[in-house]
Amino acid sequence: MRSDISSAAVVSLSLILAGCNAGASARGGAEQVGAGLGVAVTAPLDDLNLRRQEVPTILLQAEANPYDLRNLNQCRTIAAEIARLDEALGPDADAPPSQDGSYMSERAADAAASATLDAVRDTMTDFIPARSWVRRLSGADAHSKHVQAAIQAGLRRRSFLKGVGMQRNCAPPAAPAGFVPRQARP
């Protein structure tokens, strides 16, 4: 009888806390929409090339020479360069998923906020007649292609550096995540 009461109390407490978390997640999603609304509404400025996405210096360097090995003769310098690329590009495909402890309701709120902002952005850019031509004539299309090329060069450089780190028997993050360096021979 006592275990039934304590089980019911645990279930009730869990439901109450889940409800509190769902409310907090919804507020977080609303705040995310509020924070991103200005950027979504002014999206036509990107099409008119009046606002440009900045390309991080590390990606411009990777675009200029993705296979440069100057000053990268130690595992820690390779790892530092990969960390700079991770900061600009986000985590690599071999990185383990982050265990951020987020609840399903938080992920749903993030997805709903992103969908809302995408809808606002799409609606605002639909008002530009002949948008593709405007983007070409304003230079926004060329800049967008440059940004994508820099991102691709950064991805190539990060892969190349991880291969070099693996060849030099470096431990991750200077090598792919699953790589185990072999023991040094005496």
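Reply: Happy to. Let's start with a pair: Arg158 is buried, and Asp92 is buried too. Keep in mind that this is a predicted model.

Me: How is Arg158 paired with Asp92, and how far apart are the closest N and O atoms?

Reply: They form a salt bridge, with the closest N and O atoms 3.7 Å apart. Arg158 sits in helix H7 and Asp92 in the loop between H4 and helix H5 (104-125), so this pair ties together parts that are 66 residues apart in sequence.

Me: How buried is Arg158, in terms of relative accessible area?

Reply: The cut-off for buried is under 20% relative accessible area. Arg158 has 3%, so it counts as buried.

Me: Which other salt bridge does Arg158 make, and with what distance?

Reply: The side chain of Arg158 also meets that of Asp86 in a salt bridge, at 2.6 Å from N to O. Asp86 belongs to helix H4 and Arg158 to helix H7 (residues 140-167), so here the parts tied together are 72 residues apart in sequence. Asp86 has 26% relative accessibility, so it is classed as partly exposed.

Me: What about Lys162: which residue does it bridge to?

Reply: Asp94 is the partner, and the closest N and O atoms are 2.9 Å apart. Again the loop between H4 and H5 is tied to helix H7: Asp94 is in the loop and Lys162 in the helix, so parts 68 residues apart in sequence are brought together. Lys162 is buried at 7% relative accessible area, while Asp94 is partly exposed at 28%.

Me: Which residues are linked when you put those bridges together?

Reply: You get a network of salt bridges linking Asp86, Asp92, Asp94, Arg158 and Lys162. The whole structure holds seven salt bridges.

Me: Let me zoom out. How many helices and how many strands are there?

Reply: The count is seven helices and zero strands. Read from the N terminus, the order of elements is α-α-α-α-α-α-α. Of the 186 residues in the protein, 25% are buried.

Me: How do I read the faces of a helix?

Reply: The general idea is that an α-helix has 3.6 residues a turn, so residues three or four places apart point the same way. Now try H3, where the buried residues are Ile58, Leu59 and Ala62. Looking down the axis of H3, those buried residues fall within an arc of 95 degrees, so they line one face of the helix. Thr57 and Ala64 are exposed on the other side of H3.

Me: And how does one go about finding a pocket?

Reply: Rolling a probe the size of a water molecule over the atoms shows where empty space is left. Take the second largest pocket here, which has about 150 Å³ of space. The elements that each give two or more residues to its lining are H3 and H4, and H3 supplies the largest share, three residues.

Me: What classes of residue make up the lining of the second largest pocket?

Reply: The lining has three nonpolar, three polar and five charged residues. Among the lining residues are Ile58, Gln61, Asp68, Arg70, Asn71, Glu81 and Arg157.

Me: Where does Asp68 lie, and is Asp68 buried or exposed?

Reply: Asp68 is in the loop between helix H3 (57-64) and helix H4 (75-89). Its relative accessible area is 17%, so Asp68 is buried. The side chains of Asp68 and Arg70 are joined by a polar contact of 2.9 Å. Then compare sequence with space: Asp68 and Phe160 are 92 residues apart in sequence, but 9.6 Å apart from C-alpha to C-alpha.

Me: What should I look for in the backbone?

Reply: Asn71 has phi near 65 degrees, a positive value in a residue other than glycine. Asn71 lies in the loop between H3 and H4, and it is exposed, with 68% relative accessible area. Asn169 has a positive phi too, of about 65 degrees, and it is not a glycine either. Asn169 belongs to the segment after H7, and its 21% relative accessible area makes it partly exposed.

Me: Which peptide bond is cis?

Reply: Look at the bond from Pro172 to Pro173, which is cis with omega near 15 degrees. Pro173 is in the segment after H7.

Technical notes. Residues are numbered from 1 along each chain as its sequence is written. This is a predicted model: local features need pLDDT of at least 70, side-chain atom pairs count only at pLDDT 80 or more; totals for chains, interfaces and linings use all residues. Side-chain values use heavy atoms; hydrogens and water are left out. Helices (H or I, at least four residues) and strands (E, at least two) are DSSP runs, numbered from the N terminus. Buried means under 20% relative accessible area, exposed over 50%, partly exposed in between (1.4 Å probe, protein chains only). A polar contact is a pair of N or O atoms within 3.5 Å; within protein, one must be able to donate a hydrogen and the other to accept it, and residues adjacent in sequence count only if both atoms are side-chain atoms. On a 1 Å grid over the protein atoms alone, a cavity is a set of points where a 1.4 Å probe fits but cannot get out, and a pocket is an open set with protein on both sides within 12 Å along at least five of seven lines; lining residues have an atom within 4 Å of a point. Grid points are joined across faces, edges and corners, and a volume is the space filled by probe spheres set on the points. Ala, Val, Leu, Ile, Met, Phe, Trp, Tyr, Cys and Pro count as nonpolar, Asp, Glu, Lys and Arg as charged, and the others, Gly among them, as polar. A salt bridge is a side-chain nitrogen of Lys or Arg within 4 Å of a carboxyl oxygen of Asp or Glu. The arc is that of the directions from the helix axis to the C-beta atoms.
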